[in-house]
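Me: I would like to go through a model with you. Could we take it step by step?

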Amino acid sequence: MANPVQFINQVRAEAAKITWPTRKEVITTTIMVFIMAALCSVFFFLVDLAIRFGMTEGLRLISG
């Protein structure tokens with residue numbers, strides 16, 4: 001078992017290595033996430049629309 005004081009010192013040393021993103025980086029990445037989410041939602045909407053159209057027409061052809 002490690003010495004608690006040594007453990008705390010190691011935790012502090014590792015915490016000192018953390019670099020936090022700047023405000024500009026956070027805003028930029030947040031906007032990019034929203035854009036990608038919107039693009040993905042449009043893509044999957046169009047794929048769903050195409051599949052629904054294909055299934056509807058396929059079933060219409062089969063049923064006569």
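This is a predicted model: local features need pLDDT of at least 70, side-chain atom pairs count only at pLDDT 80 or more; totals for chains, interfaces and linings use all residues.

Me: Which residue just after H2 takes a positive phi?
Reply: That residue is Gly64, with a phi of about 100°. Residues are numbered from 1 along each chain as its sequence is written, and side-chain values use heavy atoms, with hydrogens and water left out.

Me: What should the 41 residues of H2 span?
Reply: At 1.5 Å a residue, they should span 60 Å, and the end C-alpha atoms are 60 Å apart, which agrees. The expected span is 1.5 Å times one less than the number of residues.

Me: Where does Val33 lie?
Reply: Val33 belongs to helix H2, residues 23-63.

Me: Is Val33 buried or exposed?
Reply: Val33 is exposed, at a relative accessible area of 55%. Buried means under 20%, exposed over 50% and partly exposed in between, with a 1.4 Å probe and protein chains only.

Me: Which residues does the "transmembrane region" annotation cover?
Reply: The UniProt annotation, from an unreviewed entry, covers residues 31-51. Such annotations may be inferred rather than shown by experiment. In the model, that span is 100% helix and 0% strand, and its end C-alpha atoms lie 30 Å apart.

Me: Changing topic, how many salt bridges are there?
Reply: A search of the whole structure finds 2. The term requires a side-chain nitrogen of Lys or Arg within 4 Å of a carboxyl oxygen of Asp or Glu. Lys17 pairs with Glu14, the closest N and O atoms being 3.1 Å apart. Arg60 pairs with Glu57, at 2.9 Å between the closest N and O atoms.

Me: How many residues apart are Arg60 and Glu57?
Reply: They are 3 residues apart in helix H2, about one turn of the helix. Glu57 is partly exposed, at 29% relative accessible area.

Me: And how many aromatic pairs?
Reply: The structure holds 1. Phe43 and Phe44 form this pair, which is edge-to-face, with 5.2 Å centre to centre and 70° between the planes. Rings of Phe, Tyr and Trp (its six-membered ring) pair if their centres lie within 6.5 Å; planes under 30 degrees apart count as stacked, over 60 as edge-to-face and the rest as tilted.

Conventions. Helices (H or I, at least four residues) and strands (E, at least two) are DSSP runs, numbered from the N terminus.
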